[in-house]
Every structure is written in structure tokens, then in C-alpha cells.
Amino acid sequence: MNCFPSFFRKKEDSHTRNTPEIDEEISNIQNVKVKLFTYKELKAVTDDFCESNKIGEGGFGSVYKGRLKGGKIAAIKVLSAESRQGVREFLTEINVISEIEHENLVKLYGCCLQNSQRILVYNYLENNSLAQTLLGANRSNIQFNWQTRYRICIGVGKGLAFLHEEVRPYIVHRDIKASNILLDRDLTPKISDFGLAKLIPDNATHVSTRVAGTLGYLAPEYAIGGRLTRKADIYSFGVLVVEIVSGRCNTNTRLPPEEQYLLERTWELYERKELVGLVDTSLNGDFDAEEACRFLKIGLLCTQDNPKRRPSMSTIVKMLTGEMGVDEKNIAKPALISDFMDLKVRGPPRSSGTENTSYNVTSSSDTRENSTLSLGASTFGTLTVSPVYDQSL
Ligand SMILES: Nc1ncnc2c1ncn2[C@@H]1O[C@H](COP(=O)(O)OP(=O)(O)OP(=O)(O)O)[C@@H](O)[C@H]1O
Ligand SMILES: [Mg+2]
């Protein structure tokens with residue numbers, strides 16, 4: 001189905017043809033290993049980026065589904081205007097991302113660079129994201145039994161350990177969260193959007209004020225001080241593990257006040273030695289209690305205030321599988337951004353019926369102008385912090 005009359009399409013075609021300068025720039029860049037798609041080709045396979053082929057929208061732009069030549073189904077991410085990085089910088093980053101292959105990482109097939117367009121072409125995952133299928137208000141009919149949750153946590157852990165410890169130079173994801181964990185036909189988890197935060201040019205006006213990340217998953221030292229290390233991802237991973245075990249979102253303002261913040265609740269139940277009470281009731285008690293409580297303790301360990309107390313990803317994977325014990329001596333109260341900033345969270349209207357819509361969060365202690373952050377589905381906030389890479393951790 002075509003969404004627009006042909007006279008519009010014709011005009012757009014002439015606009016999206018490459019200028020000779022872009023072609024020359026691409027041909028001058030050596031070692032371009034990534035597959036380059038033409039805009040025309042992607043336009044054709046998405047029926048002119050038709051609404052009916054749109055599968056989602058995030059902080060970087062819209063995502064469409066399309067069948068590529070040869071039959072592969074792809075998720076085609078059209079980056080928003082702010083992502084119009086120069087050809088060279090863009091291709092350099094994309095080259096790195098496209099070389100990375102791991103069972104638990106979404107595969108980048110290629111990209112399209114034509115005039116101002118920047119489009120990424122990924123492997124399409126059939127079972128959507130954890131945000132929609134496990135945590136969303138309209139949960140899917142996928143049964144996330146304990147074994148599946150166990151496999152998902154370990155798979156995501158392995159994917160992240162690969163980015164942190166095997167890829168050279170290592171990659172800090174910066175936005176580990178349920179909507180960036182996609183599931184294939186067999187519910188194998190795949191981390192999406194790694195390497196993407198770097199594609200956003202720092203000088204793009206409103207982008208420079210963004211901390212890449214989603215409040216609720218953001219390590220306080222990164223959210224507040226802009227200090228970016230692998231340990232910021234590990235904090236987010238810890239939040240994700242607790243969400244997977246409990247089957248609920250990190251923040252839910254529709255719950256009684258003492259239950260709204262998942263990490264706070266986890267800590268409270270840990271202190272009372274009642275962690276098992278946090279496990280998703282939809283499992284109807286059908287889970288390995290020792291394993292589930294171990295996962296929750298690992299979640300607490302990952303979210304410690306002092307980044308040095310958070311173990312490395314490869315250690316965490318060993319703890320998850322039981323190959324290594326969880327040293328409870330290192331578990332103290334987790335770091336909560338609300339403790340640092342005296343955040344006031346204003347939830348969505350009660351009628352919205354979803355835990356994943358955005359919340360406006362303002363900090364009474366933050367004197368900066370743009371101190372609004374978003375929780376949940378809308379990814380990026382506008383806290384005025386530029387990340388400072390810290391290689392020490
Ligand atoms: N490779 C893919 N296969 C299948 N669906 C995908 C794929 N990539 C993205 N999607 C769908 O598109 C939606 C939007 O993805 P997108 O990454 O743009 O936004 P997001 O993950 O919600 O936020 P963010 O911009 O922070 O990553 C996802 O939630 C998912 O449903
Ligand atoms: Mg995403």
C-alpha cells in the first residue's frame with residue numbers, strides 16, 4: 001500500500017538522490033564494510049514509510065518494518081533531524097557497530113546516508129520488546145515463566161559483558177532498559193541501540209542537553225554529575241533484572257506510596273528478609289525461590305551508590321548462573337536518584353492505564369534551567385549534563 005500520491009513521491013525522489021559530494025565522500029572513506037542501502041530501496045520496502053508499517057517510535061526517530069530484497073525482514077530506523085551527523089563521523093561509528101556480532105545483540109544489516117537522511121537497517125525481532133511484552137499495560141500473551149526470565153537475564157548480561165569486555169574499544173550502552181531488550185521468536189533477548197548514543201552530534205542544540213538514558217534506570221553519578229562509565233550500564237542492568245523478576249516497572253505512581261519505586265521496595269524487603277515477596281505473582285509460585293532471590297540481590301548489588309561496589313558484567317553473569325556466590329557483605333542501600341535530587345514525580349493521568357508513559361520529574365535542588373527528565377517510554381530527558389567519559393572503571 002502506498003500512503004502518498006505519486007506526485008509527492010516523485011518530488012521527494014529528486015530530493016533524496018545523493019549529491020555527487022556525498023558519493024565522493026563515501027568513496028573516499030576507506031574500509032566501509034557496512035552495507036549501504038539507497039533511500040529509494042528503503043522507501044520501496046516500507047511502502048513509502050507508511051504508517052501501517054511503522055512499528056515504533058523512540059528518542060532517535062521512527063522505526064518501520066520492511067522485507068528486504070532477498071527476503072530478510074528488517075526494522076528500519078529513520079533517525080530524526082538532530083541525528084544528521086557528517087558522513088564521515090556517521091560511517092565511522094556505523095562501521096564499528098556493524099562489525100559487532102553476538103547472540104544477544106541486535107544485528108545491524110546496514111545503513112542509508114542520502115543527503116540529510118540517516119537510516120539504520122536492523123534485523124527484525126518478532127516478539128517486540130520486554131517493555132511491551134512483559135511490563136506494558138497491555139501485556140502480550142507470551143508466558144514469561146521462570147525459566148524464560150532466567151534465560152533473558154543471563155542473555156542480556158552476556159550481551160552487555162560482550163560490549164563492555166570483549167569489544168575493543170569497549171562500548172558503554174548508556175540506555176539499557178526494557179524497551180531496548182528485544183525478543184526473537186524463541187524469546188532469546190537481544191540488546192538494541194548499542195553505539196547509538198555516539199551517533200548524536202554534541203552540537204545539535206537540544207541534544208547537547210540530553211543525558212542519554214531513562215530516569216529510573218539512570219545511575220545517579222551519571223544523571224547528576226554526567227560521569228559516564230561502564231558502571232552506569234551496570235546500574236541500569238540491575239534495575240532491569242529486578243523488573244524482570246518482579247514483572248513490574250521501576251516506577252509506578254498508581255501504587256501505594258511505599259511501593260511506587262521498585263528499588264526502594266526491593267531494599268525494604270531485603271532488609272526484612274522477605275525478598276521472595278517481590279517475585280511476580282503471575283508466576284503463581286512456580287519458580288525457584290533461591291534463584292529468584294539471588295537475582296534480586298544481584299539487582300541490589302548492581303545499583304549500589306558507589307560505582308566501585310558494582311561488579312563487572314562478566315562477574316555478574318557468573319553470579320547469575322550460580323558459578324560465583326553473591327557476596328552479601330557488599331549489599332547496602334541502593335542508590336536512588338530521588339535521594340540525591342529530591343525529585344518530585346508527577347505521574348500521568350490515572351486514566352492512561354499504562355505504567356510506561358512519561359512522567360515529568362523536576363528537581364527542587366537543581367537550579368539548572370532544563371531540569372525536566374522523562375521516565376519510561378520517552379527516553380531522553382533534558383537535564384543539562386554533558387557526559388564525561390571516565391575510563392577508570
Ligand atoms: N530490530 C527491531 N525489531 C523489532 N522491533 C523493533 C526493532 N527495533 C525497534 N523496534 C520497535 O520499535 C520501537 C521503538 O524503538 P526505538 O529504539 O526507536 O525506541 P525505544 O527503544 O522505545 O526508545 P530509545 O529511542 O530510547 O531506544 C521498539 O520499542 C520496538 O517495539
Ligand atoms: Mg530502542
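Two strands count as paired if DSSP finds at least two bridges between them. Keep that in mind, everyone, as we look at this predicted model. Strand β5, residues 108-114, and strand β6, residues 117-123, are joined by six bridges and run antiparallel. One pairing to pick out is Cys-112, whose bridge partner in β6 is Ile-119.

Now let's step back to the whole sheet. It is open, with six strands in the order β1-β5-β6-β4-β3-β2, and the pairing is mixed. Which strands stand at the edges? Those are β1 (35-36) and β2 (54-58); each has a single partner strand, so one side of each is left without a neighbour in the sheet.

Next, a residue in β4. Strand β4 covers residues 73-79 and includes Lys-77, where an unreviewed UniProt entry places a "binding site" feature. Is Lys-77 buried or exposed? It counts as buried, because it has 26 C-beta neighbours inside 10 Å, and the cut-off for buried is 20 or more. Beyond four places in sequence, its contacts include Phe-60, Val-63, Ile-119 and Tyr-122.

Ile-119 turns up again in the largest nonpolar core, which has 90 residues. Along with Cys-111, Val-241, Val-245, Leu-296 and Ile-298, Ile-119 touches the most other members. Helix α8, residues 230-246, gives the most to this core, with 10 residues. Domain 1 (14-123) and domain 2 (130-363) both contribute, so the core lies between them. Thanks, folks!

Key
Residues are numbered from 1 along each chain as its sequence is written. Chains are lettered from A and ligands numbered from 1 in the order in which they are written. This is a predicted model: local features need pLDDT of at least 70, side-chain atom pairs count only at pLDDT 80 or more; totals for chains, interfaces and linings use all residues. UniProt positions are given in the numbering used here, feature names are shortened, and annotations may be inferred rather than shown by experiment. Helices (H or I, at least four residues) and strands (E, at least two) are DSSP runs, numbered from the N terminus. A residue is buried if 20 or more other C-beta atoms lie within 10 Å of its own, exposed if 12 or fewer, and partly exposed in between; C-beta atoms are placed from the backbone. Two residues are in contact if their C-beta atoms, placed from the backbone, lie within 7 Å. A nonpolar core is a set of buried Ala, Val, Leu, Ile, Met, Phe, Trp, Tyr and Cys residues joined through C-beta atoms within 7 Å. Domain bounds come from an automatic or database domain assignment.
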